[in-house]
Amino acid sequence: MSETVVHVLRHGEVYNPEGILYGRLPGFRLSELGVQMAKAAAQGLAERNVVHVVASPLERAQQTAEPIAAQFGLPVGVDERLIESANWFEGKKVSPGDGSFRDPRNWWVLRDPVTPSWGEAYQAIAERMFAALHAARVAAEGREAVLVSHQLPIWTLRRYVERKRLWHDPRRRQCGLASLTTFHFDGAKVVGIGYSEPAAHLVAISPTARTAKGA
């Protein structure tokens, strides 16, 4: 069987001057630098045989998909399964070192890091992302597809495919802004996973790259 390739792209930097965990909240769009990251990702895929482009319904993902779709003369599809994970802290300012995790009022929410208790279950994220991955494989059979999603769903999908435990240290995720996690298929079987950062030169100058919330 011929190889099918599905690239799963994390969106670019988001304009978030208040520094909140934006999650699934509407209205959070790419910053000017984020738009450039999306264009860099498109350039990184320019020589690929992309025939299918689908994104999370959130604005930042749709925006990131647009230059890729335009480059190949394709529409941007929407797949709800690619959406950011639900999170109890959505809309709040929360980050390591700000005291949120030491506040007794939040301890009940943080009681279970394995499921986790503060948001959508890792298993549920993995299953919906895996289904979206295979839908794209079928749509692009023998060629290539691009899915645009968010950091936690992409990293959870990768760990699921690699048969690793799903709970993890968020600081150790290999999923930078506008990065590509690429799945190679032989038929319906994943035979390889790659990772690249076509916008690394832009991420390096992003003031929010290390602390992007709800991404």
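**Reading salt bridges, cores and helix packing**

Tutor: Let's start with Glu-162, which is partly exposed at 27% relative accessibility. Here buried means under 20% relative accessible area, exposed over 50%, and partly exposed in between, using a 1.4 Å probe and protein chains only. This is a predicted model, where local features need pLDDT of at least 70 and side-chain atom pairs count only at pLDDT 80 or more, while totals for chains, interfaces and linings use all residues. Residues are numbered from 1 along each chain as its sequence is written, and side-chain values use heavy atoms, leaving out hydrogens and water.

Student: Which residues form salt bridges with Glu-162?

Tutor: Side chains of opposite charge can pair when their charged atoms come close. The rule used is a side-chain nitrogen of Lys or Arg within 4 Å of a carboxyl oxygen of Asp or Glu. Glu-162 pairs with Arg-158, with the closest N and O atoms 3.1 Å apart, and with Lys-164 at 3.3 Å, N to O. Arg-158 is buried at 13%, whereas Lys-164 is partly exposed at 44%.

Student: How many residues does the largest nonpolar core have?

Tutor: In soluble globular proteins, nonpolar side chains tend to be buried together. A nonpolar core is a set of buried Ala, Val, Leu, Ile, Met, Phe, Trp, Tyr and Cys residues joined through side-chain atoms within 4.5 Å. The largest one here has 22 residues, and Met-129, Leu-133 and Leu-147 are among those with the most contacts inside it. Its largest share, 7 residues, comes from α3; helices are DSSP runs (H or I, at least four residues), strands likewise (E, at least two), numbered from the N terminus.

Student: At what angle do the axes of α3 and α4 cross?

Tutor: Two packed helices are described by the angle between their axes and the distance between the axes. The axes are lines fitted to C-alpha atoms over the stretch in contact, with angles running from 0 to 180 degrees between N-to-C directions. Those of α3 and α4 come within 8 Å and cross at roughly 85°. The two helices are therefore roughly perpendicular; that word covers 65 to 115 degrees, with under 35 roughly parallel, over 145 roughly antiparallel and the rest oblique. Residues in contact (heavy atoms within 4.5 Å) include Met-129 and Leu-133 of α3 and Leu-157 of α4.
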